Amino acid sequence: MSGILRLLLNRLGISLIVLVGVSMLIFAIARIIPGDPARIALGPNANAEQIASLRAEMHLDASLPVQYGHFVADVLRGDLGMSLYTNRPVTQDIAQFLPATLELVFLAGFIMVAFGLPLGILAARHRGRWQDHLVRVIALLTVSAPGFVWAVILMLLFAFYLPLFPIAGRISDIYDIERTTGFLTIDTLLVGNWAAFGSAVHHLILPAIALSLSGIGQAARLTRANMVETYEKPYIEMAQAYGFFPSRIARSYAFKPSLIPSLTIIGLDFAAMLGNAFLVEAVFAWPGLSRYGVAVILRKDLNAIMGTVLIIAITFLIVNIIVDLMIAFLNPRIRYSTRGAS
Amino acid sequence: MSILHIKDLHLGFKTLTGHVDVLHGIDLDIAAGEKVALVGESGSGKSVTARIVLGLLQETRTARISGTVQFDGQDINAMSARDRAGLRGTEMSMIFQDPTSALNPMFTIGNQFTEVLRRRDPKLSKAASHARATTLLDEVAIPDPARVLGAYPFQLSGGMNQRVMIAMALANTPKLLLADEPGTALDVSVQAQTLTLIRDLVEQNGTSVLFISHNLGVVREFADRVYVIYRGNIVEDGPTDALFANPQHAYTRALMSAVPRITGAGLPEVPEVSDDFLAPRISHGGAL
Ligand SMILES: Nc1ncnc2c1ncn2[C@@H]1O[C@H](COP(=O)(O)OP(=O)(O)O)[C@@H](O)[C@H]1O
Ligand SMILES: [Mg+2]
């Protein structure tokens, strides 16, 4: 257990350093790109005085290190500043838009794992046979186009020509659901509105599939590759020599050892979905953080940009820590990093 | 009664560059309770023979197998894959060269033992299997069975894993034990101990053994009868004493006069290849 705790502290320490680095980088870049944020915020009709006072309020006239100091102090107080675009605290914007994105990304991640791993296991178990070739074709097909292209294709096919799914949005307009968690699939259940829950899931399916497709292909190929390597190990021959069922050997004896190297990459793929979600959200008019991020970048809304990037970086780091912990829990060598027996 | 009867066994592999023949008509018999050694240099076809007996190579699509392999009166080659798998782990089992890499690193010894015991008795409870495994580990002189059952292979020494593997291989009282260069990966004294252990246990249980080795010293100690294999042909066979007292075939003589590279454990190095090595098989009799 102490091994896991040490790992957790180590990863938290590294994450903190990464976070500081990311915030400095984004802070610097946001200040360097041309255009005066105060002027943009106030619009074309503002006079020089108004602009000057807003600049002072935003500490824009101070040196970069001082500006960064103000920023860090504010963040530590839980204050990300006001968004010039929405005229609300950035924290409030994020609280509104982040759950929509996470809901999408979580479902997409789940689909990726639920389909990618079994496809990889199938291919590895029947390596060199038709099942393997079929999975290879599927994987190539899904990886061949980025998520937003799939989004457009799926939308045209299954929302437009064949109207099985809604074209846009998170839930039908007829429902007015009280936002508790911001996750509509959860909030609808909290108020016990099954019809609304159905609508939320219905809206979620196409964008989640679009976002997950290339991940499915990657997870399948990765699982297959690692498992094929594992199949060469003596302990697999031993399992075969004991007459264990091939399906059991695949799912347990060969899959588990090869999951560990796969998991790191799958974790990265999952985190990368946060980025890919930008365009998928755009296609499906999904009111998530990514659309918000694009909007505030185009308006040079500094506080909102910083806040969005920071939240995405934090989510990314949390996902990585969770993946590392899962690997540690799965791998007895790490779990028992202090030799329990000799 | 013959437990294993191999007659005119041929094996070839389809490769990218064409067809390679690996076994050219092997004959080999093992009687009930008999310990038979198959000796030959690396690449001569010992392991593939064992894998055919286990019915594993039959699942390899590139392998072409012909001839008779009768186990306990049933023709292995004529069986369905399912029936062959049914024999493995119950009627026959195998001990591997490197025990630590032959045990799965993701599961405890206890878990792996349960799986093995359930081959014979699918409904065996966790507790019953734990109790049975404890007894079996005790029989292979493992001092603290409970601790070993809770451990992962990488937490145990090679010698300890070797004992675990022997206990597993004999757990379901198989009729035939295949041992493919057991313990070659371990150091010499541990290797000697495990061979004594295997011999005592199989003699107790009346288990037949196909013992694969390239170490003549070990073979002489262990086996009742010996087959010498050279490039996929049996070149000489006979009772251990007769064969060692009076080796007839040029290859056997070369093997015996060759100096082992490392005392007691290494491959004897046959200095040169001679046409005489391809001379016909010489049998000292002794088989059923
Ligand atoms: N799956 C395979 N495909 C092609 N050739 C093989 C295969 N398995 C074994 N061989 C060849 O068969 C020969 C005998 O191998 P093996 O039985 O492992 O030798 P050893 O006597 O050292 O155990 C070797 O030349 C090896 O290269
Ligand atoms: Mg071999």
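1. In chain A, 71% of the contacts with a separation of 6 or more join residues 24 or more positions apart. A contact means heavy atoms within 4.5 Å.

2. This is a predicted model, in which local features need pLDDT of at least 70, side-chain atom pairs count only at pLDDT 80 or more, and totals for chains, interfaces and linings use all residues. Residues are numbered from 1 along each chain as its sequence is written, chains are lettered from A and ligands numbered from 1 in the order in which they are written, and side-chain values use heavy atoms, with hydrogens and water left out.

3. Chain A holds 14 helices and zero strands. Both are DSSP runs numbered from the N terminus: helices are H or I with at least four residues, strands E with at least two.

4. Of the 342 residues in chain A, 44% are buried, meaning under 20% relative accessible area with a 1.4 Å probe, protein chains only. The C-alpha atoms of chain A fill a box of roughly 85 × 60 × 40 Å along the principal axes.

5. Chain B has an open, antiparallel sheet of four strands, ordered β2-β1-β4-β5. Strands pair if DSSP finds at least two bridges between them. Because β2 (18–31) and β5 (74–75) of chain B are at the edges with a single partner strand each, one side of each has no neighbour in the sheet.

6. Within this sheet, β1 (residues 2–15) and β4 (residues 63–71) of chain B pair in the antiparallel sense over eight bridges. His5(B) is opposite Gln70(B) in β4(B).

Conventions
Buried < 20%, exposed > 50% of the residue type's maximum accessible area, 1.4 Å probe, protein only.
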